[in-house]
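Please read this report alongside the sequence and the coordinates, which are shown just below.

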Amino acid sequence: MPLHTLQIGKTRLVCGLFWQSLSRPRDLWKEACQLATRIDADLLVLRKDQAMAQAGYANSKDGGKRGQQSLAAIISKTIAIEGAHYDGHQQPAHN
């Protein structure tokens, strides 16, 4: 799956990662790496929040580069921290 790169100011963000939920809270990194091997991904980002954990996967051959930030991870973290405006009110949005 091709990745897309978006530049905002001086920051380059990557879009189009393959996201998977993780289920072993004590071994998130190990679980994420094992899944990366199974799906032949050589890049991953681990996102952990209060109620869930996810890993986003990509391949460098599809245009991903080590150290790029994920747009989806940044947006979801911002919403989790700041909440969301819904039905006329600011409400928490933890996941």
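The paragraphs that follow treat a strand pairing, the nonpolar cores and the cysteines of this predicted model.

**The hairpin**

Strand β1, which spans residues 4–8, pairs with strand β2, residues 11–15, in the antiparallel sense, and five bridges link the two. Within this pairing T5 lies opposite V14 of β2. Two residues sit between the strands of the hairpin, and G9 adopts a positive phi near 65° there.

**The nonpolar cores**

The largest nonpolar core holds nine residues, namely L22, L28, A32, L35, A36, A41, A53, A55 and Y57. Two or more of these residues come from each of α1 (28–38) and β5 (53–58), and α1 provides the largest share, with four residues. A36, a member of this core, touches A41, L44 and Y57 when residues up to four places away in sequence are not counted.

**The cysteines**

The number of disulfides in the model comes to zero.

| Residue | Relative accessible area | Class |
|---|---|---|
| C15 | 22% | partly exposed |
| C33 | 29% | partly exposed |

Because buried means under 20% relative accessible area, C15 at 22% does not count as buried and is classed as partly exposed, and C33 at 29% is likewise partly exposed.

How values were computed. Residues numbered from 1 in each chain as written. Predicted model: local features only at pLDDT ≥ 70, side-chain atom pairs only at ≥ 80, totals over all residues. Heavy atoms only, no water. Pairing = 2+ DSSP bridges. Core = buried A, V, L, I, M, F, W, Y, C linked by side-chain atoms within 4.5 Å. Buried < 20%, exposed > 50% of the residue type's maximum accessible area, 1.4 Å probe, protein only. Contact = heavy atoms within 4.5 Å. Disulfide = S-S within 2.5 Å.
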